[in-house]
Amino acid sequence: MEQFPDGAHVRLRSRVHGGYLHADEDGMGVSLRRWRRRTMNAAWKVHRIMQDGSTSVLLHSAAYGRYLAASNDAAPPGHIGLRVDLGDYEQDVDPILWKVVGAGDAGYVLLRHVSNRLLRANGRYRLWLSGVSVDDVDNQSTMMHWKVETIPTSPNPPALARTPNNRRSFRGLFLLHEEPVQLQRTIRFVRADNYGNFPDNWGTFQFIGRSVFELRGEVARRVGNALFFFRVLMCVQGGRYGRLTPLLIDLPRNEETMDIIVLIIGTQVVQELRFPVVNPRGV
């Protein structure tokens, strides 16, 4: 458990696959990515809680704020066990509840779900199977071993990438199609006080595209900080009991309603935050 101090940012690397646990850009899935180590999607923040008299670990994505969750649904074809995805911290905490168990050597750990299943990588022999799942503890193998890497943090938020909503990405050029900029979602927003408390009094508007930079400008305008938009810090929350997570990358590729809690840089709540230091280019 000492590898998972409360509030720390970590990466989890598969012992066999070599890939990193990655929150997918759809905002819902989890997979392994070999070449995506230095991205916000590969960063997870530790949230420790006491449950039934012992300490459990929750891991929420530094990209989208949602928590690593095990389901009761079968994993995709070719994968072993049950599906793992991103979930919210609601009244029922069981889907996102994990225990850390030593793997016995070389500093690797096992993550045991409350269902007594272990988090496992897939793709030992078929590398194109990049999904993550949970499997019975009796089927334990090195595919369930994870190396924990601590991510350095900074008290200062990183600059947001100026990605316009009409851009053509490198990936889009390679695939010969435009970035799906026509995604439209409802944004609910509320401004928090200096201590992070906020009323149940949400404003709403429609937002097209995924640009976090453009979203900040629109949110700043609506909370009366248009001239000082650079002082606005947008946060998301993975469920009613989830911790605030700064929104630092472009929005997920979906059209789900997104709740934005607005903080102002320089207030006490922001001064207490720590931001993972990752390479924005994702190399």
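Guide: What follows goes from domain bounds to the interface and then to salt bridges. Keep in mind that this is a predicted model.

Visitor: Where do the domain bounds lie?

Guide: Start with the assignment and then look at the record. The domain assignment gives domain 1 as residues 8-152 and domain 2 as residues 181-276. The UniProt record, an unreviewed entry, places the feature "domain: DUF569" at residues 1-146 and 184-263. Over residues 184-263 the chain is 36% strand and 14% helix, with the end C-alpha atoms 24 Å apart.

Visitor: How far apart are the C-alpha centres of domain 1 and domain 2, and how many residues does the contact take from each?

Guide: The C-alpha centres of the two domains lie 26 Å apart. The contact draws 24 residues from domain 1 and 22 residues from domain 2.

Visitor: What area is buried between domain 1 and domain 2, and which residues of domain 1 lose the most?

Guide: About 1800 Å² is buried between domain 1 and domain 2, and carbon and sulfur atoms give 55% of that area. On the side of domain 1, the residues that lose the most area to domain 2 are E25, M40 and Y64, together 27% of what that side buries.

Visitor: How many polar links cross between the domains?

Guide: Count residue pairs, then salt bridges. Between domain 1 and domain 2 there are ten residue pairs in polar contact. Two salt bridges are found across this interface. R253 forms a salt bridge with E25, with the closest N and O atoms 2.8 Å apart.

Visitor: Which strands and residue types make up the domain 1 side?

Guide: β4 (44-51) and β5 (54-61) each supply at least two residues of the side that touches domain 2. β4 gives the most, with three residues. By type, the residues of that side of domain 1 divide into ten nonpolar, eight polar and six charged.

Visitor: How should I read salt bridges over the whole structure?

Guide: Side chains of opposite charge can pair when their charged atoms come close. The structure holds ten salt bridges. One of them joins D6 and R243, whose closest N and O atoms are 3.1 Å apart. This pair links distant parts of the chain, 237 residues apart: D6 is in the segment before β1 (9-14), and R243 is in the loop between β16 (232-237) and β17 (244-246).

Definitions and conventions
Residues numbered from 1 in each chain as written. Predicted model: local features only at pLDDT ≥ 70, side-chain atom pairs only at ≥ 80, totals over all residues. Heavy atoms only, no water. UniProt positions renumbered as here; feature names shortened; annotations may be inferred. Helix = DSSP H or I, 4+ residues; strand = E, 2+ residues; numbered from the N terminus. Domains from an automatic or database assignment. Contact = heavy atoms within 4.5 Å. Buried area = accessible area lost by both parts, 1.4 Å probe. Salt bridge = Lys/Arg side-chain N within 4 Å of Asp/Glu carboxyl O. Polar contact = N/O pair within 3.5 Å; in protein donor to acceptor, adjacent residues only side chain to side chain. Nonpolar A, V, L, I, M, F, W, Y, C, P; charged D, E, K, R; others polar.
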